[in-house]
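Please open the structure in your viewer and keep the selection tool at hand.

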Amino acid sequence: MKIGLTIAGSDSSGGAGIQADIKTMTLNGVYAESAITALTAQNTTGVLSVLDSSPQFLKDQLDMIFDDIYPDSVKIGMVSNSDLILVIAEKLKEKKAKNIVIDPVMVATSGAKLLKDEAIKVLKNELLPLADLITPNIPEGEILSGIKINDEKDMQKAGKIISEKYNCACLLKGGHKINDANDYLYENKKGVWFKGKRIKNKNTHGTGCTLSSAIAANLAKGYDMEDSIKMAKEFLSNALLDMLDLGKGSGPMNHAFDIKDSYKKLCEK
């Protein structure tokens, strides 16, 4: 069995972060490991508080993981401060990590900035150059490319800028009133669109985490970048189409939509 590692924050409501990553990797046939960057007290209506891991504790987690069950891919999500970003960059280089997918969690879908300017600078300088793939949303794509993204032509331009700047593939995620969830991959001087149909489901908590984790799982299994993204988008669409409806706010998807074994049937009685 192939191994996937997620380095991210914990979501106490289970819809995003470490919890979404582990569910996604498991359902995509990959054994999931985790290094937790922060604990959060949150639910579908918002985040109440955040408790960061210490740099030493994060370092210890990564040492124990890489020195025993070495991962075939690494997905990196929420890292809330520059000290933790530096630890991750140091360990990825030291351990010669492969198939690194970074979801650069800097700006929420609402437009709210989630990282301070100093941490964004460290992320850009130290961590993003180590990536095989970066998966920014539109606001994050604007920060990383330095241009305003108003339409699909701007997406193509920004994707190229980011890919060439950090010497890796860039999957710029659509939506944000620009298109119907069409994502643009720029890799090795070539651009590819991945068309997606907008799904009428208000429960979209954890979509970014899920997509990046599914891509990482597919890379771990040996698929190339384009096939990994195509399959990941299909998994995400099916999780949304299951129409799970939990909580008072923007709820989680059903990552386990494809489970049909006897244990699930017992729970349905």
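**Stop 1: the largest cavity**

Select I76, G77, V79, I102, D103, P104, V105, L115, L123 and L127, which line the largest cavity. The space inside this cavity amounts to about 50 Å³. A search of the whole structure returns 1 cavity of 30 Å³ or more. On a 1 Å grid over the protein atoms alone, a cavity is a set of points where a 1.4 Å probe fits but cannot get out; a pocket is an open set with protein on both sides within 12 Å along at least five of seven lines; and lining residues have an atom within 4 Å of a point. Grid points are joined across faces, edges and corners, and a volume is the space filled by probe spheres set on the points.

The model is predicted: local features need pLDDT of at least 70, side-chain atom pairs count only at pLDDT 80 or more, and totals for chains, interfaces and linings use all residues. Residues are numbered from 1 along each chain as its sequence is written, and side-chain values use heavy atoms, with hydrogens and water left out.

**Stop 2: the second largest pocket**

Next, select L27, N28, N218, K221, M231, E234, F235, N238, F257 and D258, the lining of the second largest pocket. Its volume is about 190 Å³. Which helix supplies the largest share of this lining? It is α8, with 4 residues. Helices (H or I, at least four residues) and strands (E, at least two) are DSSP runs, numbered from the N terminus.

**Stop 3: salt bridges**

Now display the charged side chains. Side chains of opposite charge can pair when their charged atoms come close. A salt bridge is counted when a side-chain nitrogen of Lys or Arg is within 4 Å of a carboxyl oxygen of Asp or Glu. The whole structure contains 13 salt bridges.

Begin with K75 and D21, whose closest N and O atoms are 2.9 Å apart in a salt bridge. K75 belongs to strand β4 (residues 73-76) and D21 to helix α1 (residues 17-27), so this pair ties together parts that are 54 residues apart in sequence. Are these residues buried or exposed? Both K75 and D21 are buried; the term means under 20% relative accessible area, while exposed means over 50% and partly exposed lies in between (1.4 Å probe, protein chains only).

Move to K233 and D183, a salt bridge in which the closest N and O atoms are 2.8 Å apart. Because K233 lies in helix α8 and D183 in strand β8, the pair ties together parts that are 50 residues apart in sequence. K233 counts as buried at 15% relative accessibility, and D183 counts as buried at 5%.

Select K148 and E142 as well: their side chains meet in a salt bridge at 3.7 Å, N to O. K148 counts as exposed, at 57% relative accessibility. Finally, highlight D63, D67, K91, E94 and K95, which are linked in a network of salt bridges.

**Stop 4**

Return to D183 and follow strand β8 (183-187) towards β9 (190-194). The two strands pair in the antiparallel sense over 5 bridges; strands pair if DSSP finds at least two bridges between them. Select Y184 and its bridge partner in β9, W193.

The hairpin has 2 residues between its strands, and N188 takes a positive phi near 50° there. K189, in the loop between β8 and β9, has a positive phi of about 65° although it is not a glycine. Most residues other than glycine have a negative phi. K189 counts as exposed, at 73% relative accessibility.

M243 is in the loop between α8 (225-241) and α9 (262-268), and counts as partly exposed at 40% relative accessibility.

**Stop 5: the hairpin of β2 and β3**

Select β2 (residues 31-43) and β3 (residues 46-52), antiparallel strands joined by 6 bridges. They form a hairpin with 2 residues between them. Within this pairing, T40 stands opposite V50 in β3.

End at Y31, which has its place in β2 and is partly exposed, with a relative accessible area of 42%.
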